[in-house]
Amino acid sequence: MSLRPQNECNNCSYTWFPRGKSVSLRCPQCGGRDVDVVRPPERSSSGCAPVMLVAIAIVIAIGWAASKSGSGSSSTTSSAQPVAAAPVDTSDAIAQQTASDASTVANAQAPVPAEATSDAAVANTPLVQPDEAASTAAAVSGTTRPTYTTSFDCTKATHEDEVAICGDPGLAAMDVELGELYQSAMKTISDPVALSSSEAGWVIARQMCDSDLTCLRRAYGERIGQFKGSLGSPPLLPNQPSIEKP
């Protein structure tokens, strides 16, 4: 947009640029002589402010980086000058290195008594606990068996039947089911003490299966059938003999 002043006719509102520096006194459209000079609005400098700020920030950043690099190079040069100027006497270092190499060779060639070697090996051998030794041997041989979720803690399993249950997914699932049935029955049965005693007796009978998976599956199947009241299963609790009054 041109910033030159324009002429405006007050009769027909027509605007035009005058030729030269003189002001036209006659409207070229209607011929009227009532003419005014219209000057364009001055541009605001607010639009240039962000650009100027960015330019100033860039100049400041460049000056700061230049000063940092100059100070770093000067400090490096000043710190390096004493090192370069100081003479280095290598005769003592060479003599010490030669003596160290000679002592190393002499110690390597000297025979070591067999008793001293064995005593040192025994002294430096770390003590290994039995559990750590068993786990390490199992990990090396690759015979570590997976452990499945059961109603008891498999990390504390000691009997053969417990170890077998923890290592078999089917028996582990049956043990979880039986545990849920037992907990539910303890909340509803009329004689929880008798049920607890019956469960303890069944665990003792289960331990007699040792690691026989078939025997363990049969024991779990019969016990689950007792809790569910399956046809042909023995009663969950032993029948109490009736006492006749005299």
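Gly170 is found in helix α6 of this predicted model, where helices (H or I, at least four residues) and strands (E, at least two) are DSSP runs numbered from the N terminus. Gly170 is partly exposed, with a relative accessible area of 35%; under the convention used, with a 1.4 Å probe and protein chains only, buried means under 20% relative accessible area, exposed means over 50%, and partly exposed lies in between. Although Gly170 and Tyr148 are 22 residues apart in sequence, their C-alpha atoms are 9.4 Å apart in space. Residues are numbered from 1 along each chain as its sequence is written, and side-chain values use heavy atoms, with hydrogens and water left out. Because the model is predicted, local features need pLDDT of at least 70 and side-chain atom pairs count only at pLDDT 80 or more, whereas totals for chains, interfaces and linings use all residues.

The protein has 8 helices and 3 strands, and from the N terminus on its elements run β-β-β-α-α-α-α-α-α-α-α. Of its 246 residues, 15% count as buried. With contact taken to mean heavy atoms within 4.5 Å, residues 24 or more positions apart account for 46% of the contacts in the protein with a separation of 6 or more.

Two packed helices are described by the angle between their axes and the distance between the axes. Axes here are lines fitted to C-alpha atoms, for helices over the stretch in contact, and angles run from 0 to 180 degrees between N-to-C directions. Helix α6 (residues 169-188) and helix α8 (residues 213-228) pack at an angle of about 25 degrees, with their axes 10 Å apart. The two helices α6 and α8 are therefore roughly parallel to each other, given that angles under 35 degrees count as roughly parallel, those over 145 as roughly antiparallel, those from 65 to 115 as roughly perpendicular and the rest as oblique. On the α6 side the contact includes Leu171, Met174, Asp175, Leu178 and Tyr182, and on the α8 side it includes Leu213, Leu216, Tyr220, Ile224 and Phe227. The residues of this contact of α6 with α8 divide into 11 nonpolar, 1 polar and 5 charged, where Ala, Val, Leu, Ile, Met, Phe, Trp, Tyr, Cys and Pro count as nonpolar, Asp, Glu, Lys and Arg as charged, and the others, Gly among them, as polar.

Asp175, which lies in helix α6, is buried, with a relative accessible area of 3%. When residues up to four places away in sequence are not counted, Asp175 touches Thr150, Ser151, Phe152, Ile165, Arg206 and Tyr220.

Helix α8 also packs with α7, and the axes of α7 and α8 come within 10 Å and cross at roughly 165 degrees. These helices, α7 and α8, are therefore roughly antiparallel to each other, and their crossing is right-handed. In this contact Leu195, Ser198, Glu199, Trp202 and Arg206 of α7 meet Leu216, Ala219, Tyr220, Arg223 and Phe227 of α8, and the residues divide into 6 nonpolar, 1 polar and 3 charged.

A pair of aromatic rings is described by the distance of the centres and the angle of the planes. The structure holds 2 aromatic pairs, with rings of Phe, Tyr and Trp (its six-membered ring) taken to pair if their centres lie within 6.5 Å, and with planes under 30 degrees apart counted as stacked, over 60 as edge-to-face and the rest as tilted. The rings of Tyr182 and Phe227 have their centres 6.5 Å apart and their planes at 85 degrees, so this pair is edge-to-face. Since Tyr182 lies in helix α6 and Phe227 in helix α8, the pair ties together parts that are 45 residues apart in sequence, and both Tyr182 and Phe227 are buried. For Trp202 and Tyr220 the ring centres are 5.1 Å apart and the planes stand at 75 degrees, so this pair is likewise edge-to-face. The pair links Trp202 in helix α7 (residues 192-207) with Tyr220 in helix α8, 18 residues apart, and both Trp202 and Tyr220 are buried.

Positive phi values were also found in the loops. Phi of Ser13, a residue other than glycine, is near 60 degrees; Ser13 is placed in the loop between β1 (6-9) and β2 (15-16) and, at 52% relative accessibility, counts as exposed. Asp210, likewise not a glycine, has a positive phi of about 55 degrees. Asp210 is found in the loop between α7 and α8, and at 39% relative accessibility Asp210 counts as partly exposed.

Note on methods:
Left-handed = near helix turned anticlockwise from the far one by under 90°.
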